[in-house]
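Please read the following note with the sequence and the model open side by side. The points are numbered so that each can be checked against the picture in turn.

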Amino acid sequence: MSASLIAVDAMSGDSGPRCIVPACLACLGETSSLHLVLVGQAPLLEDLIARHPRVDRARLSVVHAGGVIAMDERPAHALRSKADSSMRVALDLLREGRVQACVSAGNTGALMALSRHVLKTLPGIDRPAMFAALPTEQGVCHLLDLGANIDCTAEHLYQFAAMGSIAAEALGVERPRVALLNVGTEEVKGNQQVKQAAVLLQQAREINYVGFIEGDGLYRGEADVVVCDGFVGNILLKASEGLAAMIAGEVKAQFRRSLASRLVGVLALPFLRRLQARLAPARYNGASFLGLQGIVVKSHGAAGAEGFRSAILRAQAEIRENLPQHLHNRLQTLMAGR
């Protein structure tokens, strides 16, 4: 397996480097082809690394960046005034070709604004979209956009569908089924943007468009790629995470109610552990910014070490597939046939 070189915005996220550094070191220990560049306040990062004496420093380096973009900072301010931030420096390394991908758990709006400014979008793409996997009865479904674009035109939704289809295929899905998320499956349902996007997708021969899908159909695995605007996608994602956490908490509470329920809980423990592993949000952490001239993966800000590891693995997978170049080549063909 060829080496993967990834820049990590080590100062980002709710827990910052005290979570990110151990996660990165664990990834290095598991994957011999992985090389990481930690970007952030070098004295702090070196101190945290020194607590793990067995780390392979031949595959780990530190690049100093004195600034940090706060989680609540306005994207425009980050773009204008934070040239020395860990996020900006990590993206600059990617633009310069010194790394193959960038992973950050930082401010989503700032990461999107900086990524568009530093890396630019692929030809034919107006806006990048956040793209991630959700568990379904059939495996996983890839959903986009997850919050980068609140207001979208039909053309934007069409572009998201094209990118999502190409990306899912590159990641191993054969002829992905693409659907538009809607309030019903009938052609008369939905707002004007969704209806107009459906017309565009029906005319796209290279996209396996299967029509409208409702939220429950997504979890039944009725499509491999589901497209919506970022407002809807973010609400769906957060509601799903909240529901999963509520169900897990309720199951635990029920098994603690009495001695009999505790005994049943012991018997059910292997099943519950498999279920938790299957549905754990950490397993699916890491949203790609599709449409950029470079690989950028956004980790959930509250992700722990296991979740951040998933984001790094996502970046590795996209490096292996050379996803931006693959998107560029396929999009040229698809757009030319419109």
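**A hairpin and its surroundings**

1. Strands β10 and β11 make a hairpin in which 4 residues lie between the two strands, and in its turn glycine 291 has a positive phi of about 105°. The helices and strands named in this note are DSSP runs, numbered from the N terminus, where a helix (H or I) has at least four residues and a strand (E) at least two. The model is a predicted one, in which local features need pLDDT of at least 70 and side-chain atom pairs count only at pLDDT 80 or more, while totals for chains, interfaces and linings use all residues. Residues are numbered from 1 along each chain as its sequence is written, and side-chain values use heavy atoms, with hydrogens and water left out.

2. Strand β10 covers residues 287-290, and β11 covers residues 295-298. The two run antiparallel and are joined by 2 bridges, where pairing requires that DSSP finds at least two bridges between the strands. Within this pair, serine 288 has valine 297 of β11 as its bridge partner. On β10's other pairing, strand β5 (residues 129-136) is also antiparallel to β10, over 3 bridges, and here methionine 130 stands opposite phenylalanine 289.

3. Are the two faces of β10 covered or open? Ala287 and Phe289 on one side, and Ser288 and Leu290 on the other, are all buried, where buried means under 20% relative accessible area, exposed means over 50%, and partly exposed lies in between (1.4 Å probe, protein chains only). In a regular strand the side chains alternate between the two faces of the sheet.

4. Which residues does serine 115 touch, not counting residues up to four places away in sequence? Serine 115 lies in helix α5 (residues 108-119) and is buried, with a relative accessible area of 0%. The residues that it touches are Leu91, Lys120, Phe289, Leu292 and Val296, a contact being heavy atoms within 4.5 Å.

5. Lysine 120, one of the residues touched by serine 115, is placed in the loop between α5 and β5. Its phi is near 70°, a positive value in a residue other than glycine, and at 44% relative accessibility lysine 120 counts as partly exposed. Asparagine 322, in the loop between α11 (305-320) and α12 (323-336), also deserves a look: its phi is positive, at about 45°, although this residue is not a glycine. Asparagine 322 is partly exposed, with a relative accessible area of 44%.

6. A cis peptide bond joins leucine 144 and aspartate 145, with omega at about 5°, and aspartate 145 is found in the loop between β6 (139-144) and α6. Most residues other than glycine have a negative phi, and most peptide bonds are trans.

7. Alanine 170 has its place in helix α6 (residues 154-170) and counts as buried at 13% relative accessibility. Leaving aside neighbours within four places in sequence, alanine 170 is in contact with Glu321, Leu323 and His326.

8. For the protein as a whole, there are 12 helices and 11 strands. The radius of gyration, taken over C-alpha atoms, is compared with a globule rule of 2.2 Å times the number of residues to the power 0.38. The value is 21 Å, close to the 20 Å that the rule gives for 338 residues, so the protein is as compact as a globular protein of that length. Of the 338 residues, 50% count as buried, and among contacts with a separation of 6 or more, residues 24 or more positions apart account for 72%.
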